[in-house]
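Work through the following exercises with the sequence and the model side by side, and try each task before reading its solution.

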Amino acid sequence: MAAVGASAAASPGLTADAASAAQPEGVTVRPSDLRYETLGQGFNQRWRSRPAYIRLVGNEADAVAELRSALDHGLRPTVRGGGHCYEGFVDNDEGVILDLSTLRGVCAATDKFGAATYVVEGGATNWDVYTGLFRRYGVTIPAGSCYSVGAGGHICGGGYGLLSRRHGLTVDHLVQVDVVTVRGGRVEVTRANRADPEGSPERELFWAHTGGGGGNFGVVLRYHFAQRLPAPPPRVWLSSVAWKWEELRRHPEDFRTLLTNFGAFFAAHSGTAETVYRGLFSILHLTHHSNGNVVLFSQWDEEDPAPLDAFLAQVEAGMRTGATVQSGPAGLFYLPYPDKRRQLPWFQATMTVSGSGANQRGKYKSAYHRRAFTPAQIDTWWTWLTKDVEGADLTQTLVQIDSYGCRVNDRATTDTAVPQRDSVMKLQYQTYWTDPAQDAAHLAYLRGLYQETYRTTGGIPETGTDTDGAYVNYPDTDLGTTADRTPPYQRLYYKQNYARLQHAKQLWDPDNVFHHAQSITLPS
């Protein structure tokens, strides 16, 4: 188990063994420190910051004191958890980065009302969470697969993962957040709970963290989850199959058949009433042709593999190009086994697919899809994924299509700050490279692909159509910034919930201490 450590003693209700853990001091990292360059850069190597200093926060009291000191010295604070923000929202030249990465605790606790909870500290990674909850308590949260992504940003953006179709989003299990807030000149820890009175400032702060995104309201020290968290399945089936691009280019009609079949399947099997396929999570990697393969990864969480086999047969139905077993480096949804499918204990399977990839330069876009793909969308993907671009190595460029829905769609659009509650697939457009000289080519390519895919709705996945906006945890500054009069990101991420998030901002950060290029703005 990851020990809660320093902040334990300052948080009422934590277990005795956690509270007795050693209390480490915080550490200040200045430009002369050999750690400065590393801690000033995010996972995406496009972003590098030169802050006045970086504070590795040691505990709750340290977080309060350091935030107060930064404000007293006129320094802008930004917060870093796992460092995986797709855009440069943590970048803070001449300011202060509050780095929570040493606060990685996961333990049993109680919330401010005395109810039993599990606590995840804001610097914990997904792997810390899975390891701590499973090994000690036999439970889990339906979070993401990338092991090094920080819980601090993942959860409050409405995180999802391979168990979400069965168990919903991470925030659907959240009951309290402990946040260092700033208002009226006071820097203090606010414990905001789901059971706070409806309409109270504390209830609004809690709700804002159920999908409002990170870096908007304060420094999240801890997330409390209800102790009725789901147990993971004892075993799961993993499958990874591929279609070779050289074969698909000989039979281009197969590409449309594959996408039509995949989209139709999840359009038909992602509703709240779905029973057979609630335990299926599948990802289709539509890679650029230079990569060599289009890959389908699936996880099935029941003992009988027959429904998984039936799904794979339906996806491939009518194709002349046959699927092959796809093996490759573990952790990137390839399996290190020469089998079409293999059953593993859940924890081992989670280790097998738990990867974040190499630190590179990257750009990302996203979309929620409410219906099967249109022929025009499929044709657009074919055109762009078979296109070569001078000055850009596109072998790591892809459209990733994740299955979605089922239990995710069991909530009303205003129950949490996540409003997209009737989508059936979630798409992530990705491109990676290492040479800064290729920046412009990669950015232009991904923008063109995205805009043409959604050209009938103005080049974006407009809400309330076949699509339903974009995912706040896959931020994309091409969707506008706070400098714009009416930036599209506000409705694409939050839809009708944006006004309530602005109200929470007015209550808890009226001086806009916490802000970035796509932060929640104060109401005008």
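A salt bridge is a side-chain nitrogen of Lys or Arg within 4 Å of a carboxyl oxygen of Asp or Glu. The model is predicted, so local features need pLDDT of at least 70 and side-chain atom pairs count only at pLDDT 80 or more, while totals for chains, interfaces and linings use all residues. Residues are numbered from 1 along each chain as its sequence is written, and side-chain values use heavy atoms, with hydrogens and water left out.

**Exercise 1.** Find how many salt bridges the rule gives, and which residues are linked with Glu87 in a network.

Solution. Applying the rule gives a count of 37 salt bridges. A network of such bridges links Glu87 with Lys363, Lys365, Arg447, Asp476 and Asp478.

**Exercise 2.** Determine what parts of the chain the salt bridge between Asp439 and Arg361 ties together.

Solution. Begin with the contact itself, in which the two side chains meet at 2.8 Å, N to O.

**Exercise 3.** Decide whether Arg203 and Glu198 are buried or exposed.

Solution. Buried means under 20% relative accessible area, exposed over 50%, and partly exposed in between (1.4 Å probe, protein chains only). Arg203 has a relative accessible area of 18% and is therefore buried, whereas Glu198, at 58%, counts as exposed. The two residues form a salt bridge, with their closest N and O atoms 3.0 Å apart.
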